[in-house]
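A reader who meets a protein model for the first time may wish to know how its features are read. The dialogue below takes such features in turn.

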Amino acid sequence: MVGLGDTCLIEGQGHNLSECAGVEGGPPEPLLGEVVAVDEAGVHLLPFSELAGIGQGARATPVRGLQQLRPDRSWIARVLDPLARPLDGGPALRPGGAVYPLLARPAPAHLRQGFGPRLDLGVRALNLFAPCCRGQRMGIFAGSGVGKSTLLSMLARHSDADALVLGLIGERGHEVNALLHHGLGEHGRARSVVVVATSDMPAMLRRRAAYLTLAVAEALRDQGLAVLCLIDSVTRFAMALREIYLAAGEPPASKGYPPGVFAELPRLLERAGPGTGAGSITGLFSVLVEGDDLNDPIADALRAILDGHIVLDRRIAENGRFPAVDVLRSLSRSAPGAYRPAERPLVERARRLMRAHADTAELIQLGAYRRGSDPLIDAAIAAQPALEAVLAQAIDERSTLAGDFERLGAALGGVAEHSG
């Protein structure tokens, strides 16, 4: 007997073993599949690989144990596939002592610790205007080609987390290669577990890779580590879920996404956060928004689940400022409590000036605004170049919390503001 979520080994109908001598390629290899639906017609499986050689009458045998794994601290600095097999050419992975279910439930809410101290993300725009505490979960929302992967590389390089677990879900193969060999840097690679499921892999493997990422992060968290979990991207995880739930017979709903997709998103993302002990999982998840529309169904659902959102804007990227963080549309739910008393006035003043400049940007560009008409706008115009310089940061440039606020104070120090 098998049930939903069980894994089966499917044997192809091809050459007999006795007939394979001298036949290039030999017999079709068995493949794995997972039960996604059980109805009057029978049991429905979705494969983990291509269906070559599988036909009517193929034999399916239940396989136990694939929904559990034993992550170990020695997995740090390794690259894994969705079945927890090494992809980096290194030795076999050493199993840990504890068993972790792949589809584990989040820790009970009433047993979790609260957010920990502020995490130094190593990126000025985020440290200043979207602070993140240990155990917080934030989304990085952006359209394609605006710099999500680059920002994740900076976080992996520069944040002060004890360990990183990076899930690359549905990424293009050449981007995975570039990230591993250039984006992470030597320091980032040395403290990261990277789980890879490229865009050409079946939906079941892309889904599994996301859950494997969280299971590894949970194992490291339970050892008392402050873990930074990065997933790029949750949208591609949702697209994999859409394929799976449609194949299982669920009707499409909002923009073709079946209801099961929206039920499964929190089951994955709620596993990040503070643990019941000293460790924590801080989650930063990239969200690919279709047509730069922050109100598409997946983005809208994720904003309600997560503890804040970081918005990357295409116009800022086109103007050449990276990371292209739109400070005014980004929000952290741990602010303003994450700031020290001396830091909060600086951030509030900088936001006020940037808001004043954004509200009158068209008038300023057209030359329709006359200096002296409003002291606040005059101050915003004067401060804008210095603030843009503060927000700009090269991928290999590491910032620190103390240095970031010192630099912001210097940018605002020479600007007189009289809003009354």
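What follows is a tutorial conversation about this predicted model.

Q: What is the overall size of the protein, and how many helices and strands does the secondary structure hold?

A: The secondary structure comes to 13 helices and 17 strands. Along the principal axes, the C-alpha atoms fill a box of roughly 90 × 45 × 45 Å. For 420 residues, a compact globule would have a radius of gyration near 22 Å, and the 24 Å of the protein agrees with that. Of the 420 residues, 51% count as buried.

Q: Is strand β15 mostly covered or open, and which strands pair with β15?

A: A residue is called buried when its relative accessible area is under 20%. By that reading, nine of the nine residues of β15 (residues 280-288) are buried. S280, T282, L284, S286 and L288 point one way from the strand, while I281, G283, F285 and V287 point the other way. Strand β10 (residues 137-142) runs parallel to β15 and is joined to it by six bridges, with F141 opposite V287. Strand β13 (residues 226-232) also pairs with β15 in the parallel sense, over six bridges, and V227 stands opposite I281. Strand β14 (residues 273-274) runs antiparallel to β15, with two bridges between them. P274 has S280 as its bridge partner in β15, and the two strands form a hairpin with five residues between them.

Q: Why is helix α2 described as largely enclosed?

A: Helix α2 (residues 148-158) is largely enclosed by the rest of the structure because eight of its eleven residues are buried. Those residues are K148, L151, L152, S153, M154, L155, A156 and H158.

Q: What can a salt bridge tie together, and how many salt bridges are counted?

A: The count comes to 24 salt bridges. In one of them, the side chains of R124 and E397 meet at 2.9 Å, N to O. R124 lies in helix α1 (residues 124-129) and E397 in the loop between α12 (375-391) and α13 (401-413), so this pair ties together parts that are 273 residues apart in sequence. R124 counts as buried, at 3% relative accessibility, whereas E397 is partly exposed, at 27%. Another salt bridge links R271 with E218, the closest N and O atoms being 2.9 Å apart, and both residues are buried.

Q: Which residues make the nonpolar surface patch?

A: The patch, of about 290 Å², is made by L4, V38 and V43. L4 is found in the segment before β1 (7-11). With a relative accessible area of 62%, L4 is exposed.

Definitions and conventions
Residues numbered from 1 in each chain as written. Predicted model: local features only at pLDDT ≥ 70, side-chain atom pairs only at ≥ 80, totals over all residues. Heavy atoms only, no water. Patch = residues over 30% accessible without salt bridge, like charges linked within 9 Å, V, L, I, M, F, W, Y side chains within 5 Å. Areas by Shrake-Rupley, 256 points an atom, 1.4 Å probe, with all protein chains shown as cover. Salt bridge = Lys/Arg side-chain N within 4 Å of Asp/Glu carboxyl O. Helix = DSSP H or I, 4+ residues; strand = E, 2+ residues; numbered from the N terminus. Buried < 20%, exposed > 50% of the residue type's maximum accessible area, 1.4 Å probe, protein only. Rg over C-alpha atoms; globule rule 2.2 N^0.38 Å. Pairing = 2+ DSSP bridges.
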